[in-house]
Amino acid sequence: VQLQASGGGLVQAGGSLRLSCAVSGRPFNQYAVGWFRQAAGKEREFVAAINRGSRGAVSTYYADPVKGRFTISRDNAANTVYLQMNSLKAEDTAVYYCAGYYQRLYYAEPAQSPDQYETWGQGTKVTVSS
(Lines give C-alpha, C1' and ligand atoms only; values in the text may rest on other atoms or scores of the structure.)
Protein backbone atom coordinates (compact mmCIF):
# COMPACT_ATOMS: atom_id res chain seq x y z
CA VAL A 1 0.00 0.00 0.00
CA GLN A 2 1.22 3.49 -0.82
CA LEU A 3 -0.07 6.85 0.29
CA GLN A 4 0.75 10.06 -1.53
CA ALA A 5 0.01 13.38 0.17
CA SER A 6 -0.24 16.61 -1.78
CA GLY A 7 -1.76 20.07 -1.67
CA GLY A 8 0.44 21.90 0.80
CA GLY A 9 1.70 25.40 0.23
CA LEU A 10 1.92 28.93 1.54
CA VAL A 11 -1.28 30.69 2.57
CA GLN A 12 -2.16 33.76 4.59
CA ALA A 13 -3.85 33.47 7.96
CA GLY A 14 -7.58 33.08 7.49
CA GLY A 15 -7.14 31.36 4.16
CA SER A 16 -7.87 27.80 3.05
CA LEU A 17 -6.06 24.81 1.63
CA ARG A 18 -7.16 21.33 0.66
CA LEU A 19 -4.79 18.44 1.17
CA SER A 20 -5.19 15.19 -0.73
CA CYS A 21 -4.04 11.69 0.16
CA ALA A 22 -4.10 9.22 -2.71
CA VAL A 23 -4.09 5.56 -1.64
CA SER A 24 -3.03 2.70 -3.87
CA GLY A 25 -2.28 -0.99 -3.55
CA ARG A 26 -5.22 -2.23 -1.46
CA PRO A 27 -8.99 -2.02 -1.69
CA PHE A 28 -9.50 1.54 -0.54
CA ASN A 29 -12.73 0.80 1.25
CA GLN A 30 -10.87 -1.42 3.74
CA TYR A 31 -8.63 1.40 4.88
CA ALA A 32 -9.04 3.99 7.60
CA VAL A 33 -6.98 7.12 6.95
CA GLY A 34 -5.71 9.81 9.26
CA TRP A 35 -3.85 13.09 9.02
CA PHE A 36 -1.06 14.02 11.38
CA ARG A 37 1.19 17.03 11.49
CA GLN A 38 4.58 17.93 12.86
CA ALA A 39 5.69 21.48 13.42
CA ALA A 40 9.35 22.40 13.67
CA GLY A 41 10.74 21.41 17.05
CA LYS A 42 7.53 19.70 18.11
CA GLU A 43 6.25 16.17 18.26
CA ARG A 44 3.93 14.75 15.65
CA GLU A 45 0.28 15.25 16.56
CA PHE A 46 -3.03 13.86 15.42
CA VAL A 47 -5.20 16.12 13.27
CA ALA A 48 -8.15 14.17 11.88
CA ALA A 49 -9.16 10.68 10.81
CA ILE A 50 -11.90 8.95 8.86
CA ASN A 51 -12.90 5.30 9.03
CA ARG A 52 -13.24 3.01 6.05
CA GLY A 53 -16.73 4.35 5.55
CA SER A 54 -18.21 1.20 4.06
CA ARG A 55 -21.98 0.79 3.77
CA GLY A 56 -22.47 4.48 4.52
CA ALA A 57 -21.18 4.15 8.11
CA VAL A 58 -18.78 7.08 7.91
CA SER A 59 -17.14 8.15 11.13
CA THR A 60 -14.71 11.01 11.60
CA TYR A 61 -12.67 12.35 14.48
CA TYR A 62 -10.87 15.66 14.95
CA ALA A 63 -8.29 17.03 17.30
CA ASP A 64 -9.63 19.90 19.39
CA PRO A 65 -7.43 22.62 17.80
CA VAL A 66 -8.93 21.97 14.36
CA LYS A 67 -12.56 21.22 15.17
CA GLY A 68 -14.90 23.45 13.24
CA ARG A 69 -12.14 24.54 10.84
CA PHE A 70 -10.95 21.32 9.20
CA THR A 71 -13.04 18.70 7.45
CA ILE A 72 -11.86 15.24 6.47
CA SER A 73 -13.66 13.33 3.74
CA ARG A 74 -13.08 10.45 1.39
CA ASP A 75 -13.92 9.71 -2.22
CA ASN A 76 -13.91 5.94 -2.58
CA ALA A 77 -14.23 6.15 -6.35
CA ALA A 78 -11.04 8.20 -6.50
CA ASN A 79 -9.19 6.30 -3.74
CA THR A 80 -8.49 9.63 -2.11
CA VAL A 81 -8.96 11.23 1.29
CA TYR A 82 -9.15 15.00 1.59
CA LEU A 83 -8.46 17.42 4.38
CA GLN A 84 -10.18 20.74 3.82
CA MET A 85 -8.54 23.35 6.01
CA ASN A 86 -10.32 26.66 6.52
CA SER A 87 -9.63 29.67 8.73
CA LEU A 88 -5.99 28.71 8.87
CA LYS A 89 -3.84 30.06 11.66
CA ALA A 90 -0.10 30.51 11.99
CA GLU A 91 -0.06 27.65 14.48
CA ASP A 92 -1.30 25.30 11.75
CA THR A 93 2.08 25.61 10.08
CA ALA A 94 3.59 22.13 9.91
CA VAL A 95 4.42 19.21 7.69
CA TYR A 96 1.23 17.22 7.24
CA TYR A 97 1.31 13.44 6.83
CA CYS A 98 -1.42 11.04 5.85
CA ALA A 99 -1.38 7.49 7.14
CA GLY A 100 -3.59 4.43 6.85
CA TYR A 101 -4.41 1.08 8.37
CA TYR A 102 -6.61 -1.88 7.58
CA GLN A 103 -9.82 -1.52 9.56
CA ARG A 104 -11.56 -4.80 10.14
CA LEU A 105 -14.89 -3.42 11.35
CA TYR A 106 -16.45 -1.09 8.81
CA TYR A 107 -18.47 0.79 11.44
CA ALA A 108 -15.65 1.32 13.95
CA GLU A 109 -14.39 4.77 14.76
CA PRO A 110 -11.02 5.72 13.30
CA ALA A 111 -7.92 5.59 15.45
CA GLN A 112 -6.17 8.68 16.76
CA SER A 113 -2.95 7.02 17.88
CA PRO A 114 -0.18 6.98 15.27
CA ASP A 115 0.83 3.55 16.56
CA GLN A 116 -2.23 2.03 14.92
CA TYR A 117 -1.35 3.30 11.48
CA GLU A 118 0.50 0.82 9.30
CA THR A 119 1.51 2.88 6.33
CA TRP A 120 2.63 6.48 6.05
CA GLY A 121 2.93 8.79 3.11
CA GLN A 122 5.51 11.48 2.62
CA GLY A 123 4.68 14.84 4.14
CA THR A 124 3.35 17.95 2.48
CA LYS A 125 4.34 21.27 3.97
CA VAL A 126 1.77 23.85 5.00
CA THR A 127 2.95 27.34 5.89
CA VAL A 128 0.50 29.91 7.21
CA SER A 129 1.76 33.48 7.30
CA SER A 130 0.36 35.85 9.87
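**Notebook: the disulfide and the fold around it**

I began with the cysteines: the link of C21 and C98 is right-handed, with 75° about the S-S bond. C21 lies in strand β3 (residues 17-24) and C98 in strand β9 (residues 94-102), so the bond ties together parts that are 77 residues apart in sequence. I kept in mind that this is a predicted model.

Next I looked up the sulfur atoms of C21 and C98, which sit 2.2 Å apart. A disulfide needs the two sulfurs within 2.5 Å, and by that rule I count one disulfide.

Is C21 buried or exposed? I found C21 buried, at a relative accessible area of 0%. I then checked C98, which is buried as well, with a relative accessible area of 0%.

Then I turned to the secondary structure. I found eleven strands and zero helices in the chain. Reading along the sequence, I noted β-β-β-β-β-β-β-β-β-β-β.

For overall shape, I looked at the radius of gyration. A compact globule of 130 residues would come near 14 Å, and the chain has 14 Å, so the two agree. The C-alpha trace spans about 40 × 25 × 25 Å along its principal axes.

I also asked how the chain packs. Of its 130 residues, 43% count as buried. Among contacts with a separation of 6 or more, 60% come from residues 24 or more positions apart.

Last, I went over the surface and the charges. The chain exposes about 6,500 Å², with carbon and sulfur atoms supplying 44% of that area. I noted 13 positive and 9 negative charges, and their mean positions are 5 Å apart.

Conventions:
Residues are numbered from 1 along each chain as its sequence is written. This is a predicted model: local features need pLDDT of at least 70, side-chain atom pairs count only at pLDDT 80 or more; totals for chains, interfaces and linings use all residues. Side-chain values use heavy atoms; hydrogens and water are left out. Helices (H or I, at least four residues) and strands (E, at least two) are DSSP runs, numbered from the N terminus. Buried means under 20% relative accessible area, exposed over 50%, partly exposed in between (1.4 Å probe, protein chains only). The radius of gyration is taken over C-alpha atoms; the globule rule is 2.2 Å times the number of residues to the power 0.38. Contact means heavy atoms within 4.5 Å. Accessible areas come from the Shrake-Rupley method with a 1.4 Å probe; for residues, only the protein chains shown count as cover. Lys and Arg count as positive and Asp and Glu as negative; His and the chain ends are not counted. The place of a charge is taken as NZ of Lys, CZ of Arg, CG of Asp or CD of Glu.
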